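I opened this entry to look up the ligand site.

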Amino acid sequence: MSLKLYVFPPSPRAFKVLLAAHQLGVDYQLCLVDLTKGEQRTPSFLALNPNGRMPVLDDDGFVLWESSAIVEYLASKAGGAWLPRETRDRLAMTKWLYWESNHWDPACAIFVFERLVKPFFDLGETSESEIARGETAFHRLAGVLNGELEKHRYVTGDSLTIADLSIASALSVAERVNYPLENYRAIQRWHADLKTMPAWTRTSALQEGSRA
Ligand SMILES: N[C@@H](CCC(=O)N[C@@H](CS)C(=O)NCC(=O)O)C(=O)O
């Protein structure tokens with residue numbers, strides 16, 4: 001198979017590209033980048049991504065890093081309505097991919113680092129001041145997302161898009177990192193909805209299967 005995804009499946013950022021591949025029906029070969037063994041720092045991996053981070057896509061020599069770029073590429077491979085042709089329609093979706101990369105992911109990453117990565121790599125105690133910083137950022141963003149999801153079923157409207165898949169991926173570890181989601185009923189409804197998708201189940205199985 002020519003399309004390869006270099007991933008560490010326990011990570012929500014790996015979940016994002018794997019979920020997109022599964023939901024969009026894009027075949028791929030999974031290439032494990034075991035972060036517990038430092039495989040992101042090997043010369044062969046750094047030749048693919050000089051940032052030393054996964055996920056990375058390699059489609060027959062075309063190499064992409066940054067998970068949102070990978071998800072967009074998968075959408076272009078899948079065709080159909082996954083990557084809207086009309087500029088305004090496309091950007092109404094793309095803005096959420098930027099929002100996810102620039103705001104949502106960094107806020108969620110605080111919880112993931114403090115409550116998942118630290119115990120996983122034995123990096124010390126959870127910092128309550130970091131969790132407080134995460135909560136401030138999270139509430140500001142969750143309020144925005146919840147408000148949109150009160151208006152329609154999915155993030156951009158009544159149809160599932162790659163924006164939903166990207167933003168929801170941080171929630172793949174929601175139970176374990178305990179995001180403060182109690183007051184966001186629309187996010188809870190949307191998350192529960194996405195969890196019923198066979199692609200979500202398949203991606204979760206990969207995430208769970210490679211947990212230490
Ligand atoms: N903005 C990047 C973030 C990628 C990223 O930070 N990946 C982390 C794991 S979740 C990584 O590979 N870290 C390895 C390291 O920093 O050594 C994306 O969305 O692809």
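**Ligand shell**

I sorted the shell around the ligand by class and got 3 nonpolar, 4 polar and 3 charged residues. Here Ala, Val, Leu, Ile, Met, Phe, Trp, Tyr, Cys and Pro count as nonpolar, Asp, Glu, Lys and Arg as charged, and the others, Gly among them, as polar.

I note that this is a predicted model: local features need pLDDT of at least 70, side-chain atom pairs count only at pLDDT 80 or more, and totals for chains, interfaces and linings use all residues. Residues are numbered from 1 along each chain as its sequence is written, and side-chain values use heavy atoms, with hydrogens and water left out.

I listed the residues around the ligand: Ser11, Arg13, Leu35, Gln40, Gly52, Arg53, Met54, Pro55, Glu66 and Ser67. Each has a heavy atom within 4 Å of the ligand.

**Polar contacts**

I looked for pairs of N or O atoms within 3.5 Å. Arg13 places a side-chain N or O atom 3.0 Å from a ligand oxygen. For Arg53, a polar side-chain atom is 2.9 Å from an oxygen atom of the ligand. Glu66 has a polar side-chain atom 2.8 Å from a ligand nitrogen. I then checked burial: the ligand taken alone exposes 520 Å², and the protein buries 75% of that (Shrake-Rupley method, 1.4 Å probe).

**Aromatic rings**

I found 11 aromatic pairs in the structure (ring centres within 6.5 Å; Trp by its six-membered ring). Trp96 and Trp99 form one that is edge-to-face (planes over 60 degrees apart), at 5.0 Å centre to centre and 75° between the planes. Both lie in helix H4 (residues 87-121), 3 residues apart, about one turn of the helix. Helices are DSSP runs (H or I) of at least four residues, numbered from the N terminus.

Technical notes: Polar contact = N/O pair within 3.5 Å; in protein donor to acceptor, adjacent residues only side chain to side chain. Phe/Tyr/Trp six-rings, centres within 6.5 Å; stacked < 30°, edge-to-face > 60°. Helix = DSSP H or I, 4+ residues; strand = E, 2+ residues; numbered from the N terminus.
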